[in-house]
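Welcome, and please take a moment to turn the model around before reading on.

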Amino acid sequence: MKGLTITITVLLGSAFFGYLFAFIAGLCRLSSNIFLRKFTGFYVEVFRGTSLIVQLFWLYYAIPMLFGIELGSNWWAGVIAIALNYGAYMSEIVRGSILAVAKGQTEAATALNMSRFQRMRLVIFPQAVRMMLPEFGNYLIQMLKATSLVSLIGMTDILYYGDIIRSSNLSQAPTVYILVLFFYFILALPLIFLTRKLEGISKKGVAN
């Protein structure tokens with residue numbers, strides 16, 4: 001129970017910044033500016049193509065040593081690492097959902113003399129967001145499971161305290177890890193129900 005607060009706050013911080021990075025990168029991938037597209041494309045490929053554990057160690061250990069850039073605390077390092085990693089994956093969901101909106105919707109908006117910004121804000125984006133919702137729910141559950149990695153940089157989350165109890169009494173290791181698994185499952189249950197709800201919402205009102 002002592003590690004519950006850290007696990008939940010890391011999840012909330014990671015989810016907030018992860019979705020923010022996803023929308024920014026996803027929209028930039030669709031930009032007419034080639035430098036913006038290439039830069040965000042590089043970010044997506046790097047963070048999708050490398051291990052989250054390595055990224056976590058880079059942000060917490062390597063970057064401060066090599067460049068003298070401190071993120072402030074291990075909490076920020078954990079949150080930013082998880083957010084950047086899952087933001088890269090979710091940016092492709094954002095991009096794909098926007099491209100999946102029927103072209104007739106864009107043509108109808110153009111016929112109504114809407115600007116590019118108005119077409120995106122009023123016609124395309126609301127439909128695309130509904131398509132994104134189920135996958136966003138799934139990635140929220142993935143981010144919850146990824147919070148267990150922050151114990152590797154000294155954060156006192158659920159797994160950290162589980163390891164302490166296990167190290168003091170090795171015979172209790174199976175019981176300890178069953179309890180840790182149970183804690184994560186209980187935390188995931190509301191997210192599972194939320195994902196199912198989002199799947200229901202996504203089926204309503206999307207032009208196809």
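**Rings and helices in a predicted model**

The structure, which is a predicted model, holds 14 aromatic pairs. Let us begin with Y43 and F47, whose ring centres lie 5.2 Å apart with the planes at 55°, so this pair is tilted. Where do Y43 and F47 sit relative to one another in the helix? Both belong to helix α2 (residues 34–49), and because they are four residues apart, about one helical turn separates them. In general, an α-helix has 3.6 residues a turn, so residues three or four places apart point the same way. Y43 counts as buried because its relative accessibility is 14%, under the 20% limit. F47 is buried too, with a relative accessible area of 18%.

Y86 and Y139 are edge-to-face, with 6.1 Å from centre to centre and 65° between the planes. This pair links distant parts of the chain: Y86 is in helix α4 (residues 74–100) and Y139 is in helix α6 (residues 116–146), 53 residues apart. Both Y86 and Y139 are buried. Elsewhere, F16, F17, F21, W75 and W76 come together as one aromatic cluster.

The axes of α4 and α6 come within 8 Å and cross at roughly 150°, and the crossing is right-handed. On the α4 side, the residues that meet α6 include I82, Y86, Y89, M90 and I93. On the α6 side, the partners include M120, F125, M131, F136 and Y139. Y86 and Y139 are thus an aromatic pair and also part of this helix contact. Which kinds of residue make up the contact of α4 with α6? They divide into 18 nonpolar, two polar and one charged.

Now compare this with another helix contact. Helix α1 (residues 4–28) packs against helix α8 (residues 173–202) at an angle of about 35°, with the axes 12 Å apart. This crossing is right-handed as well. L4, T7, I8 and L11 of α1 make the contact with F183, Y184, L187 and L191 of α8. Seven of the contact residues are nonpolar, one is polar and none is charged.

Leaving aside residues up to four places away in sequence, T7 touches L144, T147, D157, I158, Y184 and L187. Of these, Y184 and L187 belong to the α8 side of the contact described above. As for V94, it is 87 residues from T7 in sequence, and the two lie 26 Å apart in space, C-alpha to C-alpha.

Next comes helix α3 (residues 52–67), which has a kink of about 45° centred on W58. Its buried residues are L52, Q55, L56, L59, A62 and P64.

The tour ends in a loop. N113 lies between α5 (103–111) and α6, and its phi is near 65°, a positive value in a residue other than glycine. As a rule, most residues other than glycine have a negative phi. Is N113 buried or exposed? N113 is exposed, with a relative accessible area of 68%.

Conventions:
Residues numbered from 1 in each chain as written. Predicted model: local features only at pLDDT ≥ 70, side-chain atom pairs only at ≥ 80, totals over all residues. Heavy atoms only, no water. Axes fitted to C-alpha atoms, helices over the stretch in contact; angles between N-to-C directions. Helix = DSSP H or I, 4+ residues; strand = E, 2+ residues; numbered from the N terminus. Left-handed = near helix turned anticlockwise from the far one by under 90°. Contact = heavy atoms within 4.5 Å. Nonpolar A, V, L, I, M, F, W, Y, C, P; charged D, E, K, R; others polar. Phe/Tyr/Trp six-rings, centres within 6.5 Å; stacked < 30°, edge-to-face > 60°. Buried < 20%, exposed > 50% of the residue type's maximum accessible area, 1.4 Å probe, protein only. Bend = angle between axes of the 7 residues up to and from the residue.
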